[in-house]
Amino acid sequence: MSVVPAPTRVSAGPTAAELLSFALRTAADPEIVDSLPLDPEGRTWMRLDGPGGSEAWLIGWPPGTGTGWHDHAESRGAFATARGRLTEHSLTVRLPAEGWRSLVLAADVDRERALPEGTGRAFAEHHVHEVLNESPAEHAVSVHAYYPPLPLIRRFSRNGPALTLEHVERPADWQ
Ligand SMILES: [Fe+2]
């Protein structure tokens with residue numbers, strides 16, 4: 001007779017669905033959302049208490065601003081639009097973790113998703129995306145949560161199908 005060990009969770013902490021639930025709930029709380037200072041010249045950030053040790057942010061987006069292409073390494077996450085409307089461009093492929101500088105994406109890996117006020121999306125580890133406020137006039141505000149807290153963000157430039165790793169940001173760069 002063999003004894004099969006009980007399955008263990010590879011990584012404890014909130015699931016992507018739980019992070020999304022937090023983001024949607026927080027995005028629906030006007031007291032929190034309206035506490036973010038908005039700047040017409042650039043994005044603004046405010047740290048939030050995320051659930052279960054997650055990293056969470058409230059972010060303000062003037063019209064025409066965006067993140068640029070990036071990933072979140074080993075963190076899963078979620079975000080929700082609290083004001084205005086955001087657009088997400090994402091890739092369906094997982095990028096190699098190390099050892100490359102530039103690669104050519106296949107033709108069918110791009111996705112676009114509209115996130116009007118009150119909607120959100122969760123994502124798994126290694127998610128690659130850019131988030132934009134394409135409105136010509138309306139400021140947007142969103143809630144973001146990540147678990148584990150972001151160890152790094154890899155930033156990419158995009159030229160058609162060519163994706164190039166530009167630099168790696170560490171927590172010290174955004175705190
Ligand atoms: Fe992101």
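These legends walk through a few views of a predicted model. Residues are numbered from 1 along each chain as its sequence is written. In this predicted model, local features need pLDDT of at least 70, side-chain atom pairs count only at pLDDT 80 or more, and totals for chains, interfaces and linings use all residues.

View 1. Helices (H or I, at least four residues) and strands (E, at least two) are DSSP runs, numbered from the N terminus. Along the sequence, the pattern reads α-α-β-β-β-β-β-β-β-β-β-β-β-β. The C-alpha trace spans about 65 × 40 × 30 Å along its principal axes.

**View 2. The largest nonpolar core, with 27 residues.** Such a core is a set of buried Ala, Val, Leu, Ile, Met, Phe, Trp, Tyr and Cys residues joined through C-beta atoms within 7 Å. Buried here means that 20 or more other C-beta atoms lie within 10 Å of the residue's own, with C-beta atoms placed from the backbone. Among the elements giving two or more residues to this core are helix H1 (16–27) and strand S4 (76–83).

**View 3. A closer look at Ala 78 and its contacts.** Two residues are in contact if their C-beta atoms, placed from the backbone, lie within 7 Å. Leaving aside neighbours within four places in sequence, Ala 78 touches residues including Leu 19, Ala 23, Phe 123 and Ala 145.

**View 4. A second, separate core of five residues.** Have a look for Leu 91, Val 128, Phe 156 and Leu 163, which are among its members.

Note on methods:
Buried ≥ 20, exposed ≤ 12 C-beta atoms within 10 Å, placed from the backbone.
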